[in-house]
Amino acid sequence: MPFLEYILDHLVTCGAAEIVLAVSYMWEQIRDHFGTEFEGVPLRYSVESEPLGTGGAMQQAMQCLDEQDIVVLNGDTLFPVDLQAMLEQHRDSGALLTMAVKQVEDAQRFGRLRVDDRGTVCAFLEKQNGGPGLINGGVYAINKALFERCRHGARFSFEKDLLEPAVAEIRPRAFVSDAYFIDIGIPEDYERAQQEVGLGGRRGLVS
């Protein structure tokens, strides 16, 4: 089963009413596989005519939705957090951005986050020696006003160009989860996902 299907399945399980996929190169293969709905939930495609970076792609895709608060997930990461609880915390806090974070035994590959005792992300630390720490899980609840306050061009990295430089201004809220986490961005973890996610069954890893 395609990795993206696990992510879509989790969105549906959490009650998503509409899903927009930010796509670019060879995106037609994704459309041909999934079509215009997934388990009864409408699927729309925000197609980049040229590479926009993660930030530009998110900014364009959000224009397809009327809601002010949007849940955004990385397409190469499976982190099945309780999205309804995360969105509720996000709205109650009045934050522009809430990030799902996870405590891991070795944060070297991802870099650590510094979170204060109020649950605010206050720093992104450089990738250093191995050891335990909180990492960014690649799942966000975002108020559209974030992009109005922190303006960029059409093409930019959400993490490197917006989030990390402006963390003190944005004051992201941390939503800590111990849900299963895997990022298939390197061959070793891609192979691990083939075994672990596959063995979990279609809904076995969703919490």
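1. Helix H1 is largely enclosed by the rest of the structure, because ten of its eleven residues are buried (buried means under 20% relative accessible area, exposed over 50% and partly exposed in between, with a 1.4 Å probe and protein chains only). The buried residues are Phe3, Leu4, Glu5, Tyr6, Ile7, Leu8, Asp9, His10, Leu11 and Val12. Just after H1, Gly15 adopts a positive phi of about 95°. Helices here are DSSP runs of H or I with at least four residues, numbered from the N terminus.

2. The model is predicted: local features need pLDDT of at least 70 and side-chain atom pairs count only at pLDDT 80 or more, while totals for chains, interfaces and linings use all residues. Residues are numbered from 1 along each chain as its sequence is written, and side-chain values use heavy atoms, with hydrogens and water left out.

3. H1 (residues 3-13) packs with helix H2 (residues 27-34) at an angle of about 60°, and their axes lie 12 Å apart. H1 is therefore oblique to H2 (under 35 degrees counts as roughly parallel, over 145 as roughly antiparallel, 65 to 115 as roughly perpendicular and the rest as oblique). Axes are lines fitted to C-alpha atoms, for helices over the stretch in contact, and angles run from 0 to 180 degrees between N-to-C directions.

4. Leu4, Glu5 and Leu8 of H1 form the contact with Ile30, His33 and Phe34 of H2 (contact means heavy atoms within 4.5 Å). By class, the residues of this contact comprise four nonpolar, one polar and one charged. Ala, Val, Leu, Ile, Met, Phe, Trp, Tyr, Cys and Pro count as nonpolar, Asp, Glu, Lys and Arg as charged, and the others, Gly among them, as polar.

5. Leu83 is located in helix H4 (residues 83-93). Leu83 is counted as buried because its relative accessibility is 7%. Leaving aside residues up to four places away in sequence, Leu83 touches His10, Leu11, Cys14, Val71 and Val139.

6. A search of the whole structure returns zero disulfides (a disulfide is a pair of cysteine sulfur atoms within 2.5 Å). For Cys150, the closest cysteine sulfur is in Cys122, 17 Å away and so too far for a bond. Cys150 is buried, with a relative accessible area of 7%, whereas Cys64 counts as partly exposed because its relative accessibility is 21%.

Conventions. Helix = DSSP H or I, 4+ residues; strand = E, 2+ residues; numbered from the N terminus.
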